[in-house]
Amino acid sequence: AVALGPLEPPAIEEIVYQFVDDERDDRAAIVRYLFDSSDGNPFFLGEVIANDRESGFLDDAARRWRPRQTPVDSPLSLTSTLSARLARLSQRARSVAEVASVIGRSFSAELVREVTGIDERTTLDSLGELIDRRLIREVDPAGTDFAFSHQLIQQTVYGGLYPEARQRRHRRIGNVIEELYSDQREQFAAELASHFDRGGENERAAEYYCLAARHALT
């Protein structure tokens, strides 16, 4: 992990120069807009750029960038910026992202497929859409395990779910993990405890919390 400090306007201008052929005055306006919108935060800056590209303000082919008229106030707009990007996903990809966010920061294609009940090809196509949008990334060469590109993306998707929906999905995920890894319950005990706890299954959660504690002591 490399900690990045805020980017100053000259650094943002170098980034803008990679995307547009506008005159210097136009580039300066874009730099001001990006700096005001992101406060120089590298992650937020990347999200603002991605949002502008997806919504047509940034045209890579024409190398033109049209700044929004009303700058976004950072950091209050981070959630709205991410939400706008998520809203452009297909319904299936959005559903997969929601299930994945309840599973956690990292997740497997197998678990997502079993929880959603959709076929393997549709699951992989949906994950591919999320990868193309840089919302998730592959974490193994086989392409079976994935992770959200940033914790804030996972938190935004998770936070956008109704509490009742989150509770149902935690319960569902716990049940699926129980079934898929029935011979490895000790290794998954802490994860199962968390899902059943958040899913309102208090007795089952307590059982797995105890199992996780015993497993940690061995």
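**Helix packing and burial**

Author: In this predicted model, the crossing of α3 past α4 is left-handed.

Reader: How are α3 and α4 oriented to each other, given their packing angle?

Author: The axes of α3 and α4 lie 10 Å apart, and the helices pack at an angle of about 40°. Angles of 65 to 115 degrees would count as roughly perpendicular and those under 35 as roughly parallel. The angle therefore makes α3, relative to α4, oblique.

Reader: How do the residues of the contact of α3 with α4 divide into nonpolar, polar and charged?

Author: From α3 come Phe-43, Phe-44, Glu-47, Val-48, Ala-50, Asn-51 and Glu-54, which meet Leu-78, Thr-81, Leu-82, Ala-84 and Arg-85 in α4. By class, the contact of α3 with α4 has seven nonpolar, two polar and three charged residues.

Reader: Are α10 and α11 roughly parallel or roughly antiparallel to each other?

Author: The axes of α10 and α11 (residues 202-217) cross at roughly 160° and come within 8 Å. An angle over 145 degrees meets the cut-off for the class in question. α10 and α11 are therefore roughly antiparallel.

Reader: What is the handedness of the crossing of α10 and α11, and how many nonpolar, polar and charged residues has their contact?

Author: α10 and α11 cross in a left-handed way. On the α10 side the contact holds Ala-189, Ala-190, Leu-192, Ala-193, Ser-194, Phe-196 and Asp-197, and on the α11 side Asn-202, Arg-204, Ala-205, Tyr-208, Tyr-209, Leu-211 and Ala-212. In the contact of α10 with α11, the count is 10 nonpolar, two polar and two charged.

Reader: Which elements are included in what covers the buried residues of α8?

Author: Helix α8 spans residues 151-159, and its buried residues are Ile-153, Gln-154, Thr-156, Val-157 and Tyr-158. Their cover includes the strand β5 (145-148) and the helices α3 (42-54), α4 (78-87), α5 (91-103), α9 (163-180) and α10 (189-198).

Reader: What percentage of the residues of the chain count as buried?

Author: The chain has 11 helices and five strands, and its C-alpha atoms fill a box of roughly 65 × 35 × 35 Å along the principal axes. Its accessible surface comes to about 12400 Å², with 48% belonging to carbon and sulfur atoms. Of the 218 residues, the buried share is 39%.

Reader: Among contacts between residues at least 6 apart in sequence, what percentage join residues at least 24 apart?

Author: The set here is the contacts in the chain between residues at least 6 apart in sequence. Within that set, the share that join residues at least 24 apart is 59%.

Methods. Residues are numbered from 1 along each chain as its sequence is written. This is a predicted model: local features need pLDDT of at least 70, side-chain atom pairs count only at pLDDT 80 or more; totals for chains, interfaces and linings use all residues. Side-chain values use heavy atoms; hydrogens and water are left out. Buried means under 20% relative accessible area, exposed over 50%, partly exposed in between (1.4 Å probe, protein chains only). Helices (H or I, at least four residues) and strands (E, at least two) are DSSP runs, numbered from the N terminus. Contact means heavy atoms within 4.5 Å. Axes are lines fitted to C-alpha atoms, for helices over the stretch in contact, and angles run from 0 to 180 degrees between N-to-C directions. A crossing is left-handed if the near helix is turned anticlockwise from the far one by less than a right angle, and right-handed if clockwise. Ala, Val, Leu, Ile, Met, Phe, Trp, Tyr, Cys and Pro count as nonpolar, Asp, Glu, Lys and Arg as charged, and the others, Gly among them, as polar. Accessible areas come from the Shrake-Rupley method with a 1.4 Å probe; for residues, only the protein chains shown count as cover.
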